[in-house]
Amino acid sequence: MNEITVQELKEKLDRGEDFQLIDVREDFEYETSNIGGQHIPLGGILIEKDKLYKDKPVVIMCRSGKRSAVAVAQLEQQGFTNLYNLQGGILAWQAEIDPDIQVY
């Protein structure tokens with residue numbers, strides 16, 4: 001499984017790179033804090049897989065990196081090869097990038 005750190009994600013965002021960020025947390029989590037990713041809860045990721053890019057990198061995130069790893073594994077079984085799990089999720093983002101973002 002490919003992974004990306006929050007520092008690498010921040011660099012991609014700062015450079016304006018063309019990639020897709022998917023947040024697989026639940027509605028209340030996404031509403032509490034998010035960094036602008038497209039919201040597709042883990043339970044619906046296979047149903048909504050057609051919304052994911054196949055020809056560009058796709059970074060998948062959650063709270064800690066566990067649910068996003070599950071999403072990556074499920075999608076890789078469906079043939080996706082362009083996926084990256086965000087190590088540490090929104091918790092790592094708060095700890096290393098934006099200490100003011102609200103976490104729970």
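User: Leaving aside sequence neighbours within four places, which residues is Glu29 in contact with?
Analyst: In this predicted model, Glu29 is in contact with Arg63, Arg67 and Tyr104, once its neighbours within four places in sequence are left aside.

User: Where is Glu29, and is it buried or exposed?
Analyst: Glu29 sits in helix 2, and because its relative accessibility is 5%, Glu29 counts as buried.

User: Which side chain does the Glu29 side chain make a polar contact with?
Analyst: The partner is Arg67, whose side chain makes a polar contact with the side chain of Glu29 at 2.8 Å.

User: And how far is Glu29 from Tyr104, in sequence and in space?
Analyst: Glu29 and Tyr104 are 75 residues apart in sequence, while their C-alpha atoms are 8.1 Å apart in space.

User: Switching to Ser33, where does that one lie?
Analyst: Ser33 lies in the loop that runs between helix 2 (27-32) and strand 3 (38-39), and with a relative accessibility of 4% Ser33 counts as buried.

User: What does the Ser33 side chain reach?
Analyst: The side chain of Ser33 reaches the backbone oxygen of Gln102 at 2.7 Å; with neighbours within four places in sequence left aside, the residues in contact with Ser33 are Arg25, Ile90, Ile101, Gln102 and Tyr104.

User: What about Cys62, where is it found and what does it touch?
Analyst: Cys62 is found in the loop between strand 4 (58-61) and helix 3 (66-77), and, not counting residues up to four places away in sequence, Cys62 touches Val24, Arg25, Arg67, Ser68, Gly89 and Ile90.

User: Why does Cys62 count as buried?
Analyst: Cys62 counts as buried because its relative accessibility is 1%, and the cut-off for buried is under 20%. As for its place in the fold, Cys62 and Leu86 are 24 residues apart in sequence and 7.8 Å apart in space, C-alpha to C-alpha.

User: Next, Asp23: which strand is it in, and which side chain does its own side chain make a polar contact with?
Analyst: Asp23 is in strand 2 (residues 20-23), and its side chain makes a polar contact with the side chain of Arg25 at 2.8 Å. Asp23 has 0% relative accessibility and therefore counts as buried, and, neighbours within four places in sequence aside, Asp23 is in contact with Tyr30, Asn34, Gln38, His39, Ile40, Pro41 and Met61.

User: Now the helices: at what angle do helix 1 and helix 4 pack?
Analyst: Helix 1 (residues 6-15) and helix 4 (residues 89-96) pack at about 80°, with 9 Å between their axes, and the two helices are therefore roughly perpendicular to each other.

User: Which residues make that contact?
Analyst: Val6, Gln7, Leu9, Lys10 and Leu13 of helix 1 make the contact with Gly89, Ala92, Trp93 and Glu96 of helix 4, and by class the contact has 5 nonpolar, 2 polar and 2 charged residues.

User: What can you say about Gln7 itself?
Analyst: Gln7 is in helix 1 and counts as partly exposed, because its relative accessibility is 35%. Apart from neighbours within four places in sequence, Gln7 is in contact with Glu96 and Ile97, and the C-alpha atoms of Gln7 and Ala92 are 9.4 Å apart, although these residues are 85 apart in sequence.

User: Last one, which feature does UniProt place at residues 15-102?
Analyst: The UniProt record, an unreviewed entry, places "domain: Rhodanese" there; over residues 15-102 the chain is 31% helix and 16% strand, with the end C-alpha atoms 24 Å apart.

How values were computed: Residues are numbered from 1 along each chain as its sequence is written. This is a predicted model: local features need pLDDT of at least 70, side-chain atom pairs count only at pLDDT 80 or more; totals for chains, interfaces and linings use all residues. Side-chain values use heavy atoms; hydrogens and water are left out. Axes are lines fitted to C-alpha atoms, for helices over the stretch in contact, and angles run from 0 to 180 degrees between N-to-C directions. Helices (H or I, at least four residues) and strands (E, at least two) are DSSP runs, numbered from the N terminus. Angles under 35 degrees count as roughly parallel, over 145 as roughly antiparallel, 65 to 115 as roughly perpendicular and the rest as oblique. Contact means heavy atoms within 4.5 Å. Ala, Val, Leu, Ile, Met, Phe, Trp, Tyr, Cys and Pro count as nonpolar, Asp, Glu, Lys and Arg as charged, and the others, Gly among them, as polar. Buried means under 20% relative accessible area, exposed over 50%, partly exposed in between (1.4 Å probe, protein chains only). A polar contact is a pair of N or O atoms within 3.5 Å; within protein, one must be able to donate a hydrogen and the other to accept it, and residues adjacent in sequence count only if both atoms are side-chain atoms. UniProt positions are given in the numbering used here, feature names are shortened, and annotations may be inferred rather than shown by experiment.
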